[in-house]
Amino acid sequence: MSRMVGRAAAMAAVWVLAACAGPEIPFDRASAPEIKTIGVLTPDIPERPTVRLASDVGQSFGLVGGLIDAAMESKRNDRFGAVLIEHNFSVGSTLSQDLVASLKAHGYGAKQVPVYRSKSGFLKSYPTAAETGVDAFLDVSAVGIGYGYVAAGIGSSQPYRPFVWLDCKLVRASDASVLMQDRVMYNPVGEGPKQITISPDPTYQFADFDTLMAGQEQAYADLQAALRQTANQMGTLVR
Amino acid sequence: MMLLLLGGVTIASLLSPAPGIQPMFDLKGRACAAAPDLTTGQSLPYTGRETSFDGDIGPAAPCIQTAQGAVLYRVFQLPAGGTYVVTVTSEPSGGAILLPHLLLLGTSGEVKREIARDDLMYRGRALSARFRSHAEEGYLVVESDPRVVGTSVSRVVESTNSMVAPVGVSGYVTIHTGNDETMQLTYSHTGKVEIVLEPMPDPK
């Protein structure tokens with residue numbers, strides 16, 4: 001029961017979390033010519049996806065409605081999460097690979113740098129340049145629930161579409177100074193004026209959750225594409 | 001029934017065009033210069049605090065003939081000294097939007113930097129470019145982009161609304177609804193543009 005209350009509170013908090021973006025700091029490659037190799041740190045992102053209904057009737061009925069919503073969301077998460085497990089999908093690994101590929105496409109040397117994260121958010125301290133052999137670190141942290149599928153509401157006119165919500169920060173390895181910071185949201189629900197928003201591919205849609213599960217291979221592929229597009233956007237931020 | 005809007009983002013506010021700028025998709029018949037007239041550059045006074053400036057490009061804006069075609073443009077004189085952040089934001093207006101082509105010129109008019117099309121990103125519903133100033137750049141030129149004018153882009157926008165409806169004498173219920181809309185925008189030579197200068201943010 002307490003787990004459900006916590007989940008209901010977390011559902012309510014996600015929009016608040018989404019509103020608390022840090023400052024957007026543009027990268028300036030001309031003033032950082034020494035940055036040639038970037039280490040992609042193990043991303044901070046929940047391993048399990050979320051399949052969220054952003055608005056429904058249950059939300060109008062206080063705690064009880066919230067608990068019912070949380071229970072239904074938990075079942076959706078489990079069912080779609082099982083699809084990802086069947087594919088041996090690791091979101092952290094996939095995102096890291098996508099980021100490395102994007103950085104290489106923009107002319108950098110890039111490699112994954114494994115780190116242990118004791119809590120969510122950007123790292124408080126970074127590895128040294130000497131122990132990693134890179135000039136800068138790309139630190140990526142999920143915004144709220146991070147990734148999965150979301151529908152604005154009930155009905156086929158409000159289909160489930162993939163979402164990926166991430167904060168990113170480029171940190172110089174030699175002195176931990178911040179070279180770039182921004183928020184990239186693939187399919188945000190409600191658009192703030194500051195975050196970079198990627199419109200979802202209109203073909204990536206499922207009329208309802210049953211349709212999504214019936215087309216789970218496509219849903220899996222579409223989610224991977226959304227992750228890749230978000231990583232590519234981050235690569236563009238540091239080119 | 002009286003409904004009180006509580007929060008969230010209304011789809012109407014997302015999709016309503018900002019008023020006032022007539023879209024323009026063709027510059028035929030306009031006599032265009034070969035290069036931008038830097039003497040018309042609007043000064044952007046900056047005192048070290050975030051300051052925004054109107055950068056609208058209307059149908060009466062001057063035009064130049066570029067290798068890609070005729071474009072409308074405006075010139076802004078950048079403040080000298082120190083590093084600051086420049087944000088150029090283009091907002092949808094009347095179902096159209098300007099895809100700004102940005103050039104940073106030296107004080108003699110030579111091109112020092114070009115902001116690539118890929119560096120323009122949607123932030124919320126507006127297209128924007130955000131970059132650091134360089135000491136050797138004296139002018140910012142905002143041009144329309146003839147390579148895309150007349151073409152369209154569609155964006156899927158999901159949002160939620162919350163409204164409070166009274167129930168009985170003193171009760172109320174919060175009603176949550178969602179929206180999933182596709183916004184169609186056509187690239188125009190004209191558009192609503194805002195330029196913001198601000199100090200380098202402190203990272204958190």
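Analyst: What follows describes the contact between the chains and then the salt bridges one by one. The model is a predicted one, and the contact in it takes 36 residues from chain B and 45 residues from chain A. Between them the chains bury about 3,000 Å², with 49% of that area on carbon and sulfur atoms. On the side of chain B, B:R123, B:R132 and B:E158 supply 23% of the area this chain buries against chain A, more than any other three residues.

Polar pairing across the contact amounts to 19 residue pairs in polar contact, counting pairs with both residues at pLDDT 80 or more. In chain B, strands β10 (121-123), β11 (126-132), β13 (152-167) and β14 (171-188) each supply at least two residues of the side that touches chain A, and the largest share, 8 residues, comes from β14(B).

Turning to the charged pairs, a search of the whole structure finds 18 salt bridges over all chains, and the count between chain B and chain A is 5. One pairing that crosses between the chains joins the side chains of A:D28 and B:R113, with N to O at 3.7 Å. A:D28 is buried, because its relative accessible area of 6% falls under 20%, and B:R113, at 15%, is buried as well.

Other salt bridges lie within chain B. B:D56 pairs with B:K192, their closest N and O atoms being 3.4 Å apart, and the pair links distant parts of the chain: B:D56 sits in the loop between β3 (51-54) and β4 (63-66), whereas B:K192 belongs to strand β15 (residues 192-199), 136 residues apart. Here the two partners fall into separate classes of accessibility, since B:D56 is buried at 18% relative accessible area, while B:K192, at 23%, counts as partly exposed.

B:R130 and B:E198 also meet through their side chains in a salt bridge, at 2.8 Å from N to O. B:R130 lies in strand β11 of chain B and B:E198 in strand β15 of chain B, so this pair ties together parts that are 68 residues apart in sequence. Both B:R130 and B:E198 are buried.

Technical notes:
Residues are numbered from 1 along each chain as its sequence is written. Chains are lettered from A and ligands numbered from 1 in the order in which they are written. This is a predicted model: local features need pLDDT of at least 70, side-chain atom pairs count only at pLDDT 80 or more; totals for chains, interfaces and linings use all residues. Side-chain values use heavy atoms; hydrogens and water are left out. Contact means heavy atoms within 4.5 Å. Buried area is the accessible area (1.4 Å probe) that two parts lose on being put together, summed over both. A salt bridge is a side-chain nitrogen of Lys or Arg within 4 Å of a carboxyl oxygen of Asp or Glu. A polar contact is a pair of N or O atoms within 3.5 Å; within protein, one must be able to donate a hydrogen and the other to accept it, and residues adjacent in sequence count only if both atoms are side-chain atoms. Helices (H or I, at least four residues) and strands (E, at least two) are DSSP runs, numbered from the N terminus. Buried means under 20% relative accessible area, exposed over 50%, partly exposed in between (1.4 Å probe, protein chains only).
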